[in-house]
Amino acid sequence: MTPREDFHRLYSAAQVDAVADSLSLRAEFPYQLTYLGEGSEMWRAGEVPSNPDLVPMLRDINSLLTRHAEQLLALAPPSSPVQIVDLGPGTARPVRGLIRHLLERTRLAGYRAVDISAEILELARKNLQSEFPDHAEHFELWQGDFTGPDLKRVLAPERASGHSGGEPFRFVIMAGGTLYNFADPNQVLRHVRSAMSEHDVLLLTLRIDIGADRPAFMKEVKVGGAHKPQQLAGLDLLGIDRSWYVTESGFDRMRSEIFVRARFLEPVTVAFDAAGGNRAVSFEPDDTVVVWRYLYQDSAAVADQLSDCGLQVRLLERGEGSHVVLVAATPTP
Ligand SMILES: C[S@@+](CC[C@H](N)C(=O)[O-])C[C@H]1O[C@@H](n2cnc3c(N)ncnc32)[C@H](O)[C@@H]1O
């Protein structure tokens with residue numbers, strides 16, 4: 001079988017190769033690519049979750065940057081202008097309160113966002129325009145992949161507007177657990193760290209394991225449970241019919257990861273028209289493909305991970321429900 005007709009329209013040749021590589025090497029559809037096209041609408045719709053149990057957690061994680069804005073500002077040199085660089089802004093919902101806080105104190109030196117999805121950026125642009133009509137035209141929204149060479153461009157040093165005429169102080173933000181959806185978060189963290197200057201502060205908002213209220217499927221794999229539409233969007237694009245697999249949610253103890261995966265009931269071969277020629281990826285009945293993952297670890301493990309990647313935790317604040325945290329980290333000298 002071949003992917004749906006819009007698959008090759010949606011993805012660049014490099015992204016088609018990345019999908020084929022990820023499927024054949026890791027048996028995974030790269031989740032970040034599901035934000036493109038219709039996936040952006042699914043993401044936006046998911047901001048108001050159909051499961052009411054998730055509403056307080058989302059509210060909590062989205063308010064972290066706003067609630068701790070003053071503490072974050074205390075990490076900047078007094079009175080210095082602050083630039084925000086938002087890696088994967090989504091609809092820009094979590095960052096709006098921080099922008100407002102900086103504007104009210106005339107401390108905002110600029111807002112720049114980079115997202116892999118043009119459609120997501122359009123949602124962010126509309127929201128920012130309606131919330132900050134007098135400022136949004138100066139905000140920069142760039143399409144790009146922050147896990148690759150685009151990041152150097154996004155974080156290229158800018159002179160003149162900073163304190164003492166040097167580089168501006170920057171908050172580099174990865175909000176909403178984005179980091180922990182990647183198969184190799186350490187590689188992404190090291191990449192971000194290598195593009196940061198010594199003046200930058202990395203801000204993460206994450207859901208963490210507090211040892212209580214854990215998802216039920218951490219005990220055993222749940223078959224056919226609820227899944228978000230976006231989690232199946234990649235397989236839909238490949239033309240894989242939903243009746244050819246069952247979904248499973250569970251916890252991989254070795255990797256400390258919550259996952260959603262598809263387990264095939266039928267043999268499936270997908271033929272790609274890739275940059276380097278045609279290639280095919282095959283699955284047998286009982287093979288699995290990961291469609292979503294989330295590294296689920298406690299706050300001590302988060303701090304260790306940052307330290308392994310050359311970053312030092314400067315602030316770690318729990319959300320009101322305690323399942324989510326705001327972490328601020330600076331490059332280790
Ligand atoms: C989990 S959402 C978080 C959105 C937002 N920060 C929030 O907290 O609501 C992940 C966002 O990162 C973007 N994204 C994921 N991987 C990316 C990548 N490699 N490069 C650029 N953007 C990416 C997605 O398109 C999406 O907007």
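Predicted model: local features only at pLDDT ≥ 70, side-chain atom pairs only at ≥ 80, totals over all residues.
A polar contact is a pair of N or O atoms within 3.5 Å. A polar backbone atom of Gly-88 is 2.8 Å from a nitrogen atom of the ligand. For Phe-146, a polar backbone atom is 3.0 Å from a nitrogen atom of the ligand. The protein buries 98% of the 590 Å² that the ligand exposes when taken alone.

The shell around the ligand holds 18 residues. Gly-88 and Phe-146 are among the closest, together with Asp-115, Ile-116 and Asp-145. By class, the shell contains 9 nonpolar, 7 polar and 2 charged residues.

The second largest pocket was examined next. Its space amounts to about 560 Å³. The lining of this pocket consists of 24 residues. Closest to the pocket centre are Pro-30, Gln-32, Asp-145, Thr-147 and Phe-182. Asp-145 is also listed among the residues closest to the ligand.

Two helices each supply at least two residues of the lining: α2 (13–26) and α9 (185–195). The greatest contribution comes from α2, with 5 residues. Domain 1 (7–35 + 213–295) and domain 2 (55–208 + 297–331) each provide at least three residues. The lining of the second largest pocket divides into 10 polar, 8 nonpolar and 6 charged residues.

Key: Residues numbered from 1 in each chain as written. Heavy atoms only, no water. Near = heavy atom within 4 Å. Polar contact = N/O pair within 3.5 Å; in protein donor to acceptor, adjacent residues only side chain to side chain. Areas by Shrake-Rupley, 256 points an atom, 1.4 Å probe, with all protein chains shown as cover. Nonpolar A, V, L, I, M, F, W, Y, C, P; charged D, E, K, R; others polar. 1 Å grid on protein atoms, 1.4 Å probe; cavity = no way out; pocket = protein on both sides within 12 Å on 5 of 7 lines; lining within 4 Å. Points joined across faces, edges and corners; volume = space filled by probe spheres on them. Helix = DSSP H or I, 4+ residues; strand = E, 2+ residues; numbered from the N terminus. Domains from an automatic or database assignment.
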